[in-house]
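Visitor: I'm new to this. Could you walk me through how to read a structure like the one below?

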Amino acid sequence: MPRPAPALACALCLVMGAAAADNRPAGIPAVIDGDTLDLHGQRIRLWGIDAPESRQLCQRGGSPWRCGQAAALGLADRIGRRPVACEVRDTDRWGRLIALCRQNGEDLSECMVRGGLALAFRRYARDYVPAEDDARTRRRGLWSGAFAPPWAWRRDKDAPMTTAEAR
């Protein structure tokens, strides 16, 4: 069997490497919101969580609190300008990759839920229920006041807020 020309062999390696990279995107992302990253022009939704939308308001101490903005800023602060590595689990109906993303081995979804800046998205995964329980018990982030779950807020922008005690 003849050996492929060096240029062809090199091209095959590049194509195979690109296909493997599609399932494991990595690099320094831009934060879009509390559960979405942009990595090399590809939108990535963090696996298993749902964070308040950027325009979403919650209540804290009887006053409006920009919980959606806080979630985005919390994720941006957590990531900084350091690389993340993601493992693609699925693609959503908008073409975003749904991925488990880590930074230095630490699961970003778990960090967001444990900090009270996102909820476990139980409709799709139960991975982060213990982290959510911990955030609720310690009254972190969303759990320090009243909020509508992000999925309810998206469905009805006037979704009623409930307090942490009611959940």
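Guide: Let's start with terms: helices (H or I, at least four residues) and strands (E, at least two) are DSSP runs, numbered from the N terminus. The protein chain here has 5 helices and 13 strands. This is a predicted model, where local features need pLDDT of at least 70 and side-chain atom pairs count only at pLDDT 80 or more, while totals for chains, interfaces and linings use all residues. Residues are numbered from 1 along each chain as its sequence is written, and side-chain values use heavy atoms, with hydrogens and water left out.

Visitor: Is D134 buried or exposed?

Guide: Buried means under 20% relative accessible area, exposed over 50%, partly exposed in between (1.4 Å probe, protein chains only). D134 has 18% relative accessibility, so it counts as buried. D134 sits in helix α4 (residues 129-138). Across the protein chain, buried residues make up 43% of the 167 residues.

Visitor: Which residues does D134 touch, not counting those up to four places away in sequence?

Guide: A contact means heavy atoms within 4.5 Å. By that rule, D134 touches R114 and R140.

Visitor: And how do I read the accessible surface?

Guide: Accessible areas come from the Shrake-Rupley method with a 1.4 Å probe; for residues, only the protein chains shown count as cover. For this protein chain the total is about 9500 Å², and 55% of that belongs to carbon and sulfur atoms.
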